[in-house]
Amino acid sequence: MGAVLIALILGLTMTSPSAWLRIPARIIVEFFRGTSLLVQLFWLFYVLPLLGVDFDPMACGTAALALNYGAYSAEVVRSSIKTVAPGQWEAAIALSLSPTRRMIRVIFPQAWALMIPSLATLLIQLLKGTAVVSFITLSDLTDKTEQLRQSTGDTMFAYTISLLIYFALAWMLQEFMNFLERRATAALGRRRPNSRTDRREARRTARADAARKGQPASQGAANGGAVDPARGPFPGQGGDL
């Protein structure tokens, strides 16, 4: 949730018409996108205590992950807001809505439906990125996997279980984001792209096209391959020689 909150704040700020808000937000986003997550984690854990700020390992790990993935997600928020059709902005202005109401009531609901698929990918990356917190003495799934391997002596079993747990968590997260996307598109009166309904309609259309294309061939086969005497054996040729 911390990464999503940071993404929303920075993404909305980067769309601000005020340069005093937009430029600092852009600098923060580019800094955390352009530096290594592992270095950020070590800086918070080892350097901050030298400056008199002492965080526990959990706070350092949470902050590093939230800032790093929040910066990536902020760009998704910004680009989704900019993708909303200009006509929607003009209509909101024509209704004399304030900038805040314009964003809340018109622009952001449409941008939210656009940004969910990309946010889902980044959240799954965040889930897998939690493995780095083991470097600052936190015990995560990767650390527990190593403990299981050492206690059982079975490397294949331990890491296979770890893979399956990561997959199950990522699958549940993806299904939850798919649910949010369906809700968001339904609230806009739209249908989710590449939905089950779209796929069913595509299959029905493909079957109907195949049936129409195969009908003349089947009729010719039913006639036993006989040649129409009025048309002749070749295209453009009459039956009489």
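Helix α2 (residues 19-34) packs against helix α4 (residues 57-83) at an angle of about 125 degrees, and their axes lie 8 Å apart. Axes are lines fitted to C-alpha atoms, for helices over the stretch in contact, and angles run from 0 to 180 degrees between N-to-C directions. The two helices, α2 and α4, are therefore oblique to each other; angles under 35 degrees count as roughly parallel, over 145 as roughly antiparallel, 65 to 115 as roughly perpendicular, and the rest as oblique. Their crossing is left-handed, a term applied if the near helix is turned anticlockwise from the far one by less than a right angle, with right-handed used if clockwise. On the α2 side the contact is made by Arg26, Val29, Phe32 and Arg33, and on the α4 side by Leu67, Asn68, Ala71, Tyr72, Ala74, Glu75 and Arg78. By class, this contact of α2 with α4 holds six nonpolar, one polar and four charged residues. Contact means heavy atoms within 4.5 Å; Ala, Val, Leu, Ile, Met, Phe, Trp, Tyr, Cys and Pro count as nonpolar, Asp, Glu, Lys and Arg as charged, and the others, Gly among them, as polar.

The model is predicted: local features need pLDDT of at least 70, side-chain atom pairs count only at pLDDT 80 or more, and totals for chains, interfaces and linings use all residues. Residues are numbered from 1 along each chain as its sequence is written, and side-chain values use heavy atoms, with hydrogens and water left out.

Helix α4 also packs against helix α6 (residues 99-129), at an angle of about 145 degrees and with the axes 8 Å apart. Here α4 passes α6 in a right-handed crossing. From α4, the residues Leu65, Tyr69, Tyr72, Ser73, Val76, Val77, Ser80, Ile81 and Thr83 take part, meeting Met103, Ile107, Ala111, Leu114, Met115, Ser118, Leu119, Leu122, Gln125, Leu126 and Gly129 of α6. The residues of this contact of α4 with α6 divide into 14 nonpolar, six polar and no charged.

The protein chain as a whole has nine helices and zero strands, where helices (H or I, at least four residues) and strands (E, at least two) are DSSP runs, numbered from the N terminus. Of its 241 residues, 27% are buried, that is, under 20% relative accessible area, with exposed meaning over 50% and partly exposed in between (1.4 Å probe, protein chains only). Among contacts with a separation of 6 or more, 62% are between residues 24 or more positions apart.

Ser162 lies in helix α8 (residues 155-187) and counts as buried at 8% relative accessibility. Its side chain is joined to that of Thr145 by a polar contact of 3.2 Å; such a contact is a pair of N or O atoms within 3.5 Å, and within protein one must be able to donate a hydrogen and the other to accept it, while residues adjacent in sequence count only if both atoms are side-chain atoms. Apart from neighbours within four places in sequence, Ser162 is in contact with Leu141 and Thr145. Leu163 also lies in helix α8, but Leu163 is exposed, with a relative accessible area of 61%.

Two C-alpha separations are listed below.

| Residue pair | Residues apart along the chain | C-alpha separation |
|---|---|---|
| Leu163 and Thr142 | 21 residues | 9.8 Å |
| Leu5 and Ser73 | 68 residues | 9.7 Å |

Leu5 is found in helix α1 (residues 2-14) and counts as exposed at 53% relative accessibility.

Ser96 lies in the loop between α5 (86-94) and α6. Its phi is near 60 degrees, a positive value in a residue other than glycine. Most residues other than glycine have a negative phi. Ser96 is exposed, with a relative accessible area of 66%.
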